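Here's a quick briefing to read alongside the model. Have the sequence and the 3D view open as you go.

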Amino acid sequence: MKITLGGVAAPGSSRLNKTGGWRVFYPEFLHIRCTDCGLCQKLCPEGCIFKADKKNFYADLEYCKGCGICAEECPVHDIEMRPEVR
Amino acid sequence: MDQVRKTVVLEGSRGVAEAVRLCRPNVIAAYPITPQTHIVENLSQMVADGLLKAENIRVESEHSAASAVLGASAAGARAYTATTSQGFLLMLEVLYNMAGLRLPVVLTAVNRGISAPLTIHNDIQDSLAARDTGFVQLYAEDNQEALDMHIQAFKIAEDHRVLLPVLIGMDGFILTHSFEPVSLPTQEEVDEFLPPYKPVFYLTPKAPLTMGTKTDPEFYTEARYMLHKAQQNARQVIVEVAQEFKEKFGRFSGDLIDTYLTEDAEIIFVSMGSLVSNLRAIAQELRQEGKKVGVLKIRAFRPFPFEEIVRAISGAKIVIVMEKDISLGATGVLAQEIRAAFYGKANVPRLSGFVVGLGGRDVTRETVLKGLRLAQESDHLCTFLDLNPELLEEV
Ligand code: SF4
Ligand code: SF4
């Protein structure tokens, strides 16, 4: 990747910037009380929460930076932040 | 009205407004502040009267004015703003961004002292705060040069080797509010000299992109280096544009520097802005008395013309820097740069730096002659001339 004039980047280029390395806590999706509301997916600032199936959401840990917003916002507390073990 | 070249008596601010109009900016955003006001008043009048087809964005502060022209320029528009003093300082955060985003905005930095204490009068402390922003900085000596410089500024800024914003320092009141005869180019001439702006990247919904993306340590240094390189490229472009301007309009007021009677001079005054005119007059007078005195004008403060300065003044015995600014706790800003230019060179002249004309204090013939006398006696690192000790309170 080269630097463009004025740091210009095309859409989607943030995929090159893997923010997973910033993480101290990771979100554990419990898959117990999930109501399929989809809030976690909508509010994740990295856009890295995906839906595998009905009531089955997961975070792409290559990009999840561990901010905890999904866990904070889940109305039924079905996501828990756990310390990253490296 | 722009069919024939005319010489007219105009207020400095009006001259700048006319020059900006002839450059056909698409967007203007500015917040009025003394002594910049007349420039933007004139421009809004022109827009209201239909003489200038531009979007004139009214804003609530200088930070917003700068942000509006930043946005306009990012969308590919030719954009212009003007400010001074506190307003300039409020813009500062945005100015770094303009340069970093490589947006060729042109900004008139009317020069006024800064608070505290409050002053509305002239010195050049304000725009020197933008020293490290990445802006190309040019300083005008008189109203004709200010007018011409604006036309040159858009061309320099928009050159693809540069693509940097340009600011034009213009002494508040001394130039902005004084009337001088100026030659106004025709619209046709300016159009030939300054073709429409062709951006490399611009914002459009048709092809979305991000400008000034977040940069990790592995890229930031290179991005800054590219900015520095653009500044280096600007050296050549400023010289070329000054030459081209001379061919087209028949006027030349220097490129990176200008020299006056320096060839055989033993004593050379160095300054920027309108003070250079005073120094020219004094040099002329001293020449009549048989003293070999010359003047060096720094026209481009960024990029700084190190080599050109050394070439121009290394033959002198004494160099005297007169400047209306001070880097508090150090020396005059220009004196610092001139000293740096000579480091490691052979034939280094003696050098004195004087701080004069702060907050609108007149720089008289006597002021300059006193500086000359002092500099001949010994070297001055940074001496305030005309300091009135009776006004100083003991602490
Ligand atoms: S916010 Fe909670 S309940 Fe809603 S989809 Fe996400 S995990 Fe399920
Ligand atoms: S912790 Fe933050 S980044 Fe990670 S999945 Fe949740 S909301 Fe997204």
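The residues of the shell around ligand 2 split into ten nonpolar, two polar and one charged. Here Ala, Val, Leu, Ile, Met, Phe, Trp, Tyr, Cys and Pro count as nonpolar, Asp, Glu, Lys and Arg as charged, and the others, Gly among them, as polar. This is a predicted model, where local features need pLDDT of at least 70 and side-chain atom pairs count only at pLDDT 80 or more, while totals for chains, interfaces and linings use all residues. Residues are numbered from 1 along each chain as its sequence is written, chains are lettered from A and ligands numbered from 1 in the order in which they are written, and side-chain values use heavy atoms, with hydrogens and water left out.

**The two ligands**

- Ligand 2 has 13 residues around it, and the closest are A:Cys44, A:Cys64, A:Cys67, A:Gly68 and A:Cys70. A residue gets into such a shell if one of its heavy atoms lies within 4 Å of the molecule.
- Around ligand 1 you'll find A:Cys34, A:Thr35, A:Cys37, A:Gly38, A:Leu39, A:Cys40, A:Phe57, A:Cys74, A:Pro75, A:Val76 and A:Ile79.
- Sorted by class, the ligand 1 shell has nine nonpolar and two polar residues, with no charged ones.

**Chain A**

- Chain A has two helices and four strands, and from the N terminus on they run β-α-β-β-α-β. Helices (H or I, at least four residues) and strands (E, at least two) are DSSP runs, numbered from the N terminus.
- The C-alpha trace of chain A spans about 50 × 30 × 20 Å along its principal axes.
- A:Glu62 and A:Lys18 meet through their side chains in a salt bridge (3.5 Å, N to O). That pair links distant parts of the chain, 44 residues apart: A:Glu62 is in the loop between strand 3 (56-59) and helix 2 (69-73), and A:Lys18 is in the segment before strand 1 (25-29).
- A salt bridge here is a side-chain nitrogen of Lys or Arg within 4 Å of a carboxyl oxygen of Asp or Glu. Over all chains, the whole structure has 33 salt bridges.

**Where chain B meets chain A**

- Contact (heavy atoms within 4.5 Å) takes in 18 residues from chain B and eleven residues from chain A.
- The two chains bury about 1,200 Å² between them, 71% of it on carbon and sulfur atoms. On the chain B side, B:Phe201, B:Phe219 and B:Met226 lose the most area to chain A, together 36% of what that side buries.
- Buried area is the accessible area (1.4 Å probe) that two parts lose on being put together, summed over both.
- What's the salt-bridge count between chain B and chain A? It's zero, but there are four residue pairs in polar contact (both at pLDDT 80 or more).
- Helix 8 of chain B gives the most to the side that touches chain A, with four residues. By class, that side of chain B divides into ten nonpolar, four polar and four charged residues.
- A polar contact is a pair of N or O atoms within 3.5 Å; within protein, one must be able to donate a hydrogen and the other to accept it, and residues adjacent in sequence count only if both atoms are side-chain atoms.

**The two domains of chain B**

- Chain B is assigned domain 1 (6-249) and domain 2 (259-394), with bounds that come from an automatic or database domain assignment.
- The domain centres, taken over C-alpha atoms, are 27 Å apart.
- Across the boundary, 26 residues of domain 1 are in contact with 27 residues of domain 2.
- About 2,100 Å² is buried between the domains, and carbon and sulfur atoms give 49% of that. In domain 1, B:Arg131, B:Glu141 and B:Arg235 lose the most area to domain 2, together 29% of what that side buries.
- The domains share five salt bridges and 16 residue pairs in polar contact (both at pLDDT 80 or more).

**Backbone spots to check**

- Most residues other than glycine have a negative phi, and most peptide bonds are trans.
- A:His31 isn't a glycine, yet has a positive phi of about 55 degrees; A:His31 lies in the loop between strand 1 and helix 1 (39-43) of chain A.
- The B:Thr34 to B:Pro35 peptide bond is cis, with omega near 0 degrees, and B:Pro35 is in the loop between strand 2 (27-29) and helix 2 (37-48) of chain B.
- B:Arg302 and B:Pro303 are also joined by a cis peptide bond, with omega about -5 degrees.
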